[in-house]
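Dear colleague,

I am passing on the structure below, followed by notes on what was found in it. Please read the notes with the structure open beside them.

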There are 4 protein chains.
Amino acid sequence: MNREEKKIATRKKILDSALELFAEHGYETTTVHMITERAGVAKGTFFNYFDCKEDVFCDLQTFRATLEFEKLKDIRGPILPHVREFLMEFVRIGPNSRQLVRAVLLSDLSNEKSLSNQRKMLEELKDMLIPLIVEAQNRGEFTSAIPADMIADQAIQTYMGVSFTWGMGMGDDKLITQMVASFELFFRSLLP
Amino acid sequence: MNREEKKIATRKKILDSALELFAEHGYETTTVHMITERAGVAKGTFFNYFDCKEDVFCDLQTFRATLEFEKLKDIRGPILPHVREFLMEFVRIGPNSRQLVRAVLLSDLSNEKSLSNQRKMLEELKDMLIPLIVEAQNRGEFTSAIPADMIADQAIQTYMGVSFTWGMGMGDDKLITQMVASFELFFRSLLP
Amino acid sequence: MNREEKKIATRKKILDSALELFAEHGYETTTVHMITERAGVAKGTFFNYFDCKEDVFCDLQTFRATLEFEKLKDIRGPILPHVREFLMEFVRIGPNSRQLVRAVLLSDLSNEKSLSNQRKMLEELKDMLIPLIVEAQNRGEFTSAIPADMIADQAIQTYMGVSFTWGMGMGDDKLITQMVASFELFFRSLLP
Amino acid sequence: MNREEKKIATRKKILDSALELFAEHGYETTTVHMITERAGVAKGTFFNYFDCKEDVFCDLQTFRATLEFEKLKDIRGPILPHVREFLMEFVRIGPNSRQLVRAVLLSDLSNEKSLSNQRKMLEELKDMLIPLIVEAQNRGEFTSAIPADMIADQAIQTYMGVSFTWGMGMGDDKLITQMVASFELFFRSLLP
DNA sequence: AATGAATGAGCATTCATTCAT
DNA sequence: AATGAATGAATGCTCATTCAT
């Protein structure tokens, strides 16, 4: 492992430890000392990689921003199979322990910067969903009785609702199972 | 106002100030000094009423436990109107600013004690919903294709999903409007 | 000693300790811990009295701003006796150990706020001196060959020069002796 | 440029950067990182040339010790022209921005080692001045009413006083102008 | 019962210094 | 000889909590 790789590894160690600890104790209660201790580095090392404690926190969220919403654009024909597939990938990429989910939600709420990041991301997702929904309505897959943007809102709410309650310890052992089940029911409400 | 009443008033002033501040800044970021300043009492007074800072926090949550789930027990005949009414009261009692909603969700997530309180409350709610749903299924209001407990989970998820996304700043200006709209869609998915 | 007096006493203890330590080690090298240790209070107590470390520093200078320059305004008749008297009082009020003088000069230089405070004070002093000098020139006490404002500058320079070299450990044991001697020589240069 | 020359150049780069930064921010506030960044070398390189941060600081002062006081020894005949000339060179060699002057004075005061260096230098200067002054008194250039060592003290005080007040931002734009003006007045006080 | 001065453990952050590469 | 990642002691500052008044 050369120098550059070591640096990346150290950064990752710190990020991972931070994510775990934020999940276990929340942002404020987690100290830099705790993070570096778990990462197995000195306290000072933390600040070689991040300007301040808050920065790690924001970093945690960026991984989600990289999600490939783009894929949704190219959907042709019946929408449901694609949405199911997208959803599964979306969940597969994200955190998969209840603790981690809680940590991410916590981060969304506790911090003004995170809050607006997250809101922006959801708005983007919504903008990408609407045309898909409209097309599905035209094709007769979804009811046209409900406006497309309301359906989009609803989809996002379903996603966040599942995340939240699952993160709290309720629902099926696997997040993906719970997510798919909830969306099946959701799609049921969209039948023409 | 006699002595005893004064004591109760002081306690209430402190609790109210704390709730407001937790809503504005979160638990950790709110200091005892901030609370007593807003309540208009001296810092020491706080500790005459609460053993430690965490205690106010737990006190804040108890108000939700007092919610009258009991009412749900006595429902007879068609369920939908009752559920709609219950929902509206439920939302009316709870916090109504996005900030407050966020604060409460934050409190649910940040603290082990709060987390388990909240989970217990939701489980209770679920247990109360299931027989109602079964009866509605028997009466033909809801589809029987979906197990009652799954529907109950779904209802709770819908509630949390709306709370979360609305707290983040999305959706209709009024929480109640958003909540009702989402539940109408939800009920749509339960049609036989 | 009642509560209010105690507060004043504590504040004074902290200020005195700070002044001594700044004199011994300079501003940056002196830690809040050192100050509170010498003052015999807890570290936190420091911050009950001053918002930050820098504030003590600025406080140290204010005592000089209270100097009664006003007295100079009312001088009538021959100026020299009054100036001598003023000078002696000026020195008597100010710090009298070499260490303290050094601390004050150090504070003037190390900190932008102090620097501008001090400059302003000296400018004020100069403005007050000029009319006196003009009158003395008219009365024939001082030469008119040198502009009054230059003489004022010179007086201030003499004062600072004595302070600096004396603070460094040179000159007569007593600052006042050294100051008077230097000003006698200075006045000699102003003979018509 | 061979290896030896390169080493000398690197050392100089570091020293120059340090001097500039000490002038701009003072000793304590300047970090090794700032120095090496401005010098364009890595942080580690600093410690290849200096054992510790303090060492650069002491090195900076030595340049003043190299001042050729020796020249004063060989003065014959009327003293004033020589002293004027010496003074001008003295000032020309030294720092010429208000910031730099302030930095040097600061360094004199903040550090025990610097303080004693500076004191020693001034004492030497004084010892060199006294015989010159005695001779000038004998020749009738200066009054004999004032002891020669007092005059020497006075000269040094004048020098430091001008430096200090000029460094603080007062007086003529050019230090040399201010210095010459003050010394002219000083010489005036020495007329027989 | 109410006050607020005093406390000190604990935190984020800085930075001179080391040392493997 | 030069590098810069890693170190950890030290610092300014916060704040829940105590307790004499």
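Helices (H or I, at least four residues) and strands (E, at least two) are DSSP runs, numbered from the N terminus. This is a predicted model, in which local features need pLDDT of at least 70 and side-chain atom pairs count only at pLDDT 80 or more, while totals for chains, interfaces and linings use all residues. Residues are numbered from 1 along each chain as its sequence is written, and side-chain values use heavy atoms, with hydrogens and water left out.

Just after α2(D), D:Gly40 takes a positive phi of about 75°. Within that helix, which spans residues 32-39 of chain D, the residues D:Val32, D:Ile35, D:Thr36 and D:Ala39 are buried (under 20% relative accessible area, 1.4 Å probe, protein chains only). Because they cover an arc of only 90° around the axis, they lie on the same side of α2(D) (the arc is that of the directions from the helix axis to the C-beta atoms).

Turning to the interface, 38 residues of chain D are in contact with 39 residues of chain C, contact meaning heavy atoms within 4.5 Å. Together the two chains bury about 3600 Å², 68% of it on carbon and sulfur atoms, where buried area is the accessible area (1.4 Å probe) lost on putting two parts together, summed over both. D:Leu109, D:Met168 and D:Leu185 supply 19% of the area that chain D buries against chain C, more than any other three residues. Helices α7, α8, α9 and α10 of chain D each give two or more residues to this side, and the largest share, 9 residues, comes from α9(D).

With best wishes

Terms used
Chains lettered and ligands numbered in written order. Buried < 20%, exposed > 50% of the residue type's maximum accessible area, 1.4 Å probe, protein only.
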